[in-house]
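Here's a quick briefing to read with the structure open beside you. It starts with a pocket, then moves on to the chain and one of its strands.

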Amino acid sequence: MTEERPEPDFEQLSHTLLSALRKGSAVADAGISGELDRALAGFKQGAIDFVRRYSRLEVDLEVQSLSEPVLFVANHGFGGIFDLNVLAVGAALEDLALERPVTFLTHQLAWTLGVGPLVERLGARPASPASAGEAFAAGQHVAVFPGGDLDAFKSWTHRNEVIFGGRGGFARLAMEHRVPIIPIVTAGGGESVLVLTDGEGLARALRLDRLLRLKALPVTVSVPWGINVGAVGLLPYLPLPTKLHTRVLQPILAGPDEDADSYAERVHTAMQDALTKMTAHRRPLLG
């Protein structure tokens with residue numbers, strides 16, 4: 001059972017965050033601003049608590065304690081910077097009561113849009129083998145969403161699919177650093193907005209894969225943006241009150257003679273099987 005937390009004071013948090021940001025270069029030069037860090041931590045906790053309540057988040061843990069670093073591998077729901085699944089994973093990690101910090105490997109787009117320095121303060125790093133290596137060397141856990149924009153911007157008809165697009169670098173990371181993979185699967189996030197199409201063809205036509213490393217440009221219907229191309233998921237939107245269900249699965253280890261591609265496929269299969277079971281009798285929004 002999740003313990004009751006006081007309601008976050010978003011007005012005060014907003015004032016604190018904006019005040020810190022107005023200091024501009026002074027904050028950047030200082031490197032660490034206690035005021036800014038407290039504001040960001042407050043927003044993060046408030047967002048997680050919001051998802052617990054608004055999305056009626058249900059978390060099932062098949063793992064109770066972790067003594068050594070692991071690689072968490074999760075699926076997206078919908079969105080880029082704003083994704084309910086990311087917050088659901090944050091809630092699940094809270095429930096695990098981890099003793100080690102977690103580094104989240106994040107799409108380069110956050111840094112392209114200029115918010116990288118902010119998400120770094122929340123424990124995120126650009127998704128790369130180097131970022132993961134630094135985290136593991138420091139004794140931290142690492143969390144990754146391998147599907148990236150392909151998984152995050154999938155259409156409504158594919159909402160109950162885990163789409164990695166053949167990306168298996170996470171398996172090589174786990175094997176290189178000799179850590180187990182713990183899958184985290186969330187159902188329901190793809191129902192937070194109506195995605196008419198993932199817009200992969202449009203993204204290619206606009207060469208966004210080269211300019212922004214984006215392979216999808218979704219066409220969506222959402223509040224308050226109505227019918228929109230591309231921006232929803234990168235801009236805040238009001239998610240529909242979909243019920244979220246998150247499962248933290250048992251660790252998956254690479255076999256003694258297994259190659260990275262086979263290992264990655266085995267992890268993907270376990271996650272898809274879990275999501276299929278979680279959504280077998282699901283009703284949209286209601287769970």
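**Pocket, chain and strand at a glance**

The second largest pocket comes in at about 330 Å³. Keep in mind that this is a predicted model. The chain it belongs to is built with 12 helices and 10 strands.

**The second largest pocket**
- A set of 16 residues lines the second largest pocket, and those nearest its centre are Lys44, Leu93, Pro101, Val102 and Phe104.
- At least two lining residues come from each of helix H3 (34-54), helix H4 (84-96) and strand S3 (102-106).
- Sorted by class, the lining holds 7 nonpolar, 5 polar and 4 charged residues.

**The chain overall**
- Of the 287 residues in the chain, 47% are buried.
- Take the contacts with a separation of 6 or more: 74% of them are between residues 24 or more positions apart.

**Strand S6 and its partners**
- Strand S6 (residues 181-187) is mostly covered, with 7 of its 7 residues buried.
- On one side of S6 sit Ile181, Pro183, Val185 and Ala187, on the other Ile182, Ile184 and Thr186, and all are buried.
- Strand S2 (residues 71-74) runs parallel to S6, joined by 4 bridges, and Ala74 stands opposite Ile184 in S6.
- Strand S10 (residues 245-248) runs antiparallel to S6, also through 4 bridges, and here Ala187 stands opposite His245 in S10.

Technical notes: Residues are numbered from 1 along each chain as its sequence is written. This is a predicted model: local features need pLDDT of at least 70, side-chain atom pairs count only at pLDDT 80 or more; totals for chains, interfaces and linings use all residues. Side-chain values use heavy atoms; hydrogens and water are left out. On a 1 Å grid over the protein atoms alone, a cavity is a set of points where a 1.4 Å probe fits but cannot get out, and a pocket is an open set with protein on both sides within 12 Å along at least five of seven lines; lining residues have an atom within 4 Å of a point. Grid points are joined across faces, edges and corners, and a volume is the space filled by probe spheres set on the points. Ala, Val, Leu, Ile, Met, Phe, Trp, Tyr, Cys and Pro count as nonpolar, Asp, Glu, Lys and Arg as charged, and the others, Gly among them, as polar. Buried means under 20% relative accessible area, exposed over 50%, partly exposed in between (1.4 Å probe, protein chains only). Contact means heavy atoms within 4.5 Å. Two strands pair if DSSP finds at least two bridges between them.
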